[in-house]
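Student: I would like to learn how to read the features of a model like this one. Can we go through it step by step?

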Amino acid sequence: MDPGLADLNALTDAEARERLRACCAATAWLDAVLAGRPYGDRPALEQASSAALAALDWDGVLRALAAHPRIGERVAARSREAAWSASEQSGVDGATEATRSALADANRAYEDRFGHVLLIFATGRTDEQMLAAARQRLHHDVVVERQTVRSELAKIVALRLTKLLDGS
C-alpha cells in the first residue's frame, strides 16, 4: 500500500479536511474528496479530485482562488499551503524590481478585468514566463479565461495532492 495514501485514509475527517485544504480550498471539492475515502490507489484519488473540480460551480472556483496569493507575492503564514505556494512561485525569487513591478501591475489589471486573483501554474516557470502569461491572459474573454483558470487550478491541485501524499 502507498504510505501517503494510507495516512490520508487513516485520518479523521477533520484531519483529512485540514490537510486536503492545502490542495484546494473549495468546500465542494473537499466534501467530494473526503466522501470517496478510503482510496485504494492514487489514480482513484486523482480521478475523484478531477471529477470534483470539474463539478465545481464558479463560486466554488472562486473559493479555491481566494486561497492563492498573487503571482510574486508571499503569504506570511507558516502553513503547508504557504510553503507550497512559495516553492511553486520560486521562479519569481530572482526577479528584478522592474519585473516585480510589472507583475504587480499585471495582477492589478487582471483583477480589475476579471474580479479575482490571477491563477497560474507557476511550477517550472520563470518570472518572465509568468509575466508574459499574465499579460497574454488579459486579452481573453471571460469564457476563455474561466476555462483557463479551471485548467490551471486542476494542475495545481494535482501537484499538491502528489506533494501531500509524498509528505512534501
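**Reading spaces, rings and contacts**

Tutor: The lining of the largest cavity divides into 8 nonpolar, 4 polar and 2 charged residues. Keep in mind that this is a predicted model.

Student: How is empty space found in the first place?

Tutor: A probe the size of a water molecule is rolled over the atoms, and this shows where empty space is left. In this structure the search gives 2 cavities of 30 Å³ or more.

Student: What is the volume of the largest cavity, and which residues are closest to its centre?

Tutor: The volume of the largest cavity is about 100 Å³. Its lining has 14 residues, and His 68, Glu 88, Gln 89, Ile 120 and Ile 156 are the closest to the centre. Helix H6 (80–88) and H9 are the elements that give two or more residues to that lining.

Student: And which residues line the second largest cavity?

Tutor: Arg 42, Leu 45, Glu 46, Ala 158, Leu 161, Thr 162 and Leu 165 line it. The second largest cavity holds about 30 Å³ of space. H4 and H9 each supply at least two of its lining residues. The largest share, 4 residues, comes from H9. By class, the lining of the second largest cavity has 4 nonpolar, 1 polar and 2 charged residues.

Student: Which helix gives the most to the lining of the largest pocket?

Tutor: H9 does, with 6 residues. Helix H4 (42–55) and helix H9 (142–166) each supply at least two residues there. By class, the pocket lining counts 9 nonpolar, 2 polar and 2 charged residues.

Student: Next, aromatic rings. How many aromatic pairs does a search of the whole structure find?

Tutor: A pair of aromatic rings is described by the distance of the centres and the angle of the planes. The search of the whole structure finds 1 aromatic pair. Tyr 110 and Phe 114 form this pair, which is tilted, at 4.8 Å centre to centre and 45° between the planes.

Student: Why are Tyr 110 and Phe 114 separated by about one helical turn?

Tutor: Because they are 4 residues apart in helix H7 (residues 97–114).

Student: Is Tyr 110 buried or exposed?

Tutor: Tyr 110 counts as buried because its relative accessibility is 0%. Phe 114 is buried too, with a relative accessible area of 14%. The cut-off for buried is under 20%.

Student: Let us stay in helix H7. What does Thr 99 touch?

Tutor: Thr 99 lies in helix H7. Not counting residues up to four places away in sequence, Thr 99 touches Asp 127, Glu 128 and Leu 131. The side chains of Thr 99 and Thr 96 are joined by a polar contact of 3.1 Å. With a relative accessible area of 6%, Thr 99 is buried.

Student: Where is Lys 163 found, and is it buried or exposed?

Tutor: Lys 163 is found in helix H9. It counts as buried, because its relative accessibility is 13% and the limit is under 20%. Residues up to four places away aside, Lys 163 touches Trp 84, Ser 87, Glu 88 and Ser 168.

Student: Last, the backbone. Which residues does a cis peptide bond join?

Tutor: Most peptide bonds are trans. Here a cis peptide bond joins Arg 37 and Pro 38, with omega about 0°. Pro 38 lies in the loop between helix H3 (27–35) and H4. Arg 37 has come up already, among the residues that Leu 8 touches.

Note on methods. Residues numbered from 1 in each chain as written. Predicted model: local features only at pLDDT ≥ 70, side-chain atom pairs only at ≥ 80, totals over all residues. Heavy atoms only, no water. Nonpolar A, V, L, I, M, F, W, Y, C, P; charged D, E, K, R; others polar. Phe/Tyr/Trp six-rings, centres within 6.5 Å; stacked < 30°, edge-to-face > 60°. Buried < 20%, exposed > 50% of the residue type's maximum accessible area, 1.4 Å probe, protein only. Polar contact = N/O pair within 3.5 Å; in protein donor to acceptor, adjacent residues only side chain to side chain. Contact = heavy atoms within 4.5 Å. 1 Å grid on protein atoms, 1.4 Å probe; cavity = no way out; pocket = protein on both sides within 12 Å on 5 of 7 lines; lining within 4 Å. Points joined across faces, edges and corners; volume = space filled by probe spheres on them.
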